[in-house]
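Dear colleague,

I am passing on the structure we spoke of, and below it you will find an account of what came out of the analysis. Please read the account with the structure open beside it.

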Amino acid sequence: MREDLRRRLRELGVVQGVRELQQREAPRAVAIEDLVPGAFHTTSRGQCFVADETYPLDHRHGDLPLSAFLQLSSETLLQVEQEEFAGVDRRRVCFLDTETTGLSGGTGTMAFIVGLGFFVDEGFQVRQYFLRDPGDEPAMVEALMDCLPEFDGLISFNGRAFDVPIIENRFILARAVPPLRDLPHFDLLHPARRLWRYALSSCALTSLEREVLGVRREQADVPSGVIPSLYRDYLRTGDARDMKRVLYHNKIDILSMVTLAARLCRAVADPWNVEQRGERRRLSGGELYALGRWYADEERLEEAEQAYRTALRSRPDVRPALRRRTLRELAYLLKRNERRDEAFAFWQQLALESGRHPEGVLAHVELAKYFEWHVEDLARAADWTRAALERVGDWSPGTRREEKRAELRHRLSRLERKIGLEEMSGLESAG
């Protein structure tokens, strides 16, 4: 040991054992094949390391077995995804996830792990192609060319914008025909956001795992944001220990897509029978509100109404802001279907619960319209308009407040003129 280090240790009070302290040896680099079960796939362009693991169909990932995806009917899938994908044999679908050298995409970004998940006779297989060295990429491309044409459909999470373009770029650079271009593609990200954006603060896959699927990752996992830097460290040191963690991360992403697809399609097709399907919880108010909007967009109006009404009964699960939105959407739905007397109750409830919030002002205006045109009670219509004006006066100064004030004053003036004309007509009739 150096004398200056020994002296500093003595100054810190470390006396015994100082002579025996030795310089720590640098850790030995460990190759990926010594850490992960797998084999080298030999191609005409070299070798590529491939890790394979098979799970039984009854393997539960969260609170659903992997077989739940196979049990989806074409009709169920069709309610979430386009007809082209709904007709694909579930056993000939490939789940795709990549890990890359950068998160921004582009031709300079390389996929150093391409993970595929697919059903086989004995269960569900996760196959991961790993680049021990960037020079192995032509071998990986050729290995993927042997495998990907076997599938009739593709499922990913943000794969349209990220994974598929990266793989296509790498195939084009390798002068190979991209094999994914014509496959029917079910990207889970957009329907997941559509269903869970009002219930969760994040619709990232890891958040959906935790909050929706009941999946808990092990400590072996690694945050996705650091994966590119871990791969650069691996290329510099040759030590693959962190790559084992990255492969674990990729594998869990693939398994999560299987049960997420099942949960998503089940929720949209039949949100009412959760317990009969063995799922761990009922849908939240936020999920039901989102389903109401989804159904309304597709003119499934009875189901939209049921979703909104069920969401309102979820109190206190529904936050005040979301409850206001639900009251508004349900009232609009009833009004559009000429059920104005039923809508009236929800506009009144919205006005009561919203105070000076803009949605409360909206409710006041709708109530004024109801009394003016449906009940033909101009005095009460004017009262609701005045109450709306009073609430707008408490808004923050700005263009929105002034525009709304002008609109309400115009409405009130028109109502007062009509009331005046009515009174004059009444006097003339009495005379």
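How many helices and strands does the secondary structure of the chain come to? In this model, which is predicted, there are 16 helices and nine strands. The chain has 431 residues, of which 50% count as buried, and among its contacts between residues at least 6 apart in sequence, 66% join residues at least 24 apart.

**The nonpolar cores**

The largest nonpolar core has 85 residues, and the members that touch the most other members are Phe-69, Phe-95, Phe-124, Phe-157, Phe-186, Leu-188 and Trp-196. Helix 9, which covers residues 241-269, gives the most to this core, with 12 residues. Another core, of 46 residues, lies apart from it and includes Leu-116, Val-141, Ile-167 and Ala-174.

Phe-124 can be followed in more detail: once its neighbours within four places in sequence are left aside, its contacts include Glu-53, Thr-54, Tyr-55, Leu-57 and Leu-66, together with Phe-95, Gly-117, Phe-118 and Phe-119, and also Ile-254, Leu-255 and Val-258.

**Two helix pairs**

Helix 9 also packs with helix 7 (residues 205-213), at an angle of about 55 degrees and with the axes 10 Å apart. An angle between 35 and 65 degrees falls in the oblique class, and helix 7 and helix 9 are therefore oblique to each other, in a crossing that is left-handed. On the side of helix 7 the contact is made by Leu-205, Leu-208, Glu-209, Val-212 and Leu-213, and on the side of helix 9 by Ile-252, Asp-253, Ser-256, Thr-259, Leu-260 and Arg-263. By class, the residues of this contact divide into six nonpolar, two polar and three charged.

The second pair is helix 10 (residues 285-297) with helix 12 (residues 320-336), whose axes come within 11 Å and cross at roughly 30 degrees. Angles under 35 degrees count as roughly parallel, and helix 10 and helix 12 are therefore roughly parallel to each other; their crossing, too, is left-handed. From helix 10, Gly-285, Gly-286, Tyr-289 and Arg-293 meet Leu-322, Arg-325, Thr-326, Arg-328 and Glu-329 of helix 12, and the contact has two nonpolar, three polar and four charged residues.

**Single residues to look at**

Is Glu-366 buried or exposed? Glu-366, which has its place in helix 14 (residues 358-375), has a relative accessibility of 5%, and because buried means under 20%, Glu-366 counts as buried. Leaving aside its neighbours within four places in sequence, Glu-366 is in contact with Tyr-332, Lys-335 and Trp-347.

Phi of Asn-158 is near 70 degrees, which is a positive value in a residue other than glycine; Asn-158 is found in the loop between strand 8 (153-156) and helix 5 (159-173), and with 27% relative accessibility it counts as partly exposed. Phi of Glu-338 is near 60 degrees, again a positive value in a residue other than glycine. Glu-338 has its place in the loop between helix 12 and helix 13 (340-354), and at a relative accessible area of 56% Glu-338 is exposed.

With kind regards

Terms used
Residues numbered from 1 in each chain as written. Predicted model: local features only at pLDDT ≥ 70, side-chain atom pairs only at ≥ 80, totals over all residues. Heavy atoms only, no water. Axes fitted to C-alpha atoms, helices over the stretch in contact; angles between N-to-C directions. Helix = DSSP H or I, 4+ residues; strand = E, 2+ residues; numbered from the N terminus. Parallel < 35°, antiparallel > 145°, perpendicular 65-115°, else oblique. Left-handed = near helix turned anticlockwise from the far one by under 90°. Contact = heavy atoms within 4.5 Å. Nonpolar A, V, L, I, M, F, W, Y, C, P; charged D, E, K, R; others polar. Buried < 20%, exposed > 50% of the residue type's maximum accessible area, 1.4 Å probe, protein only. Core = buried A, V, L, I, M, F, W, Y, C linked by side-chain atoms within 4.5 Å.
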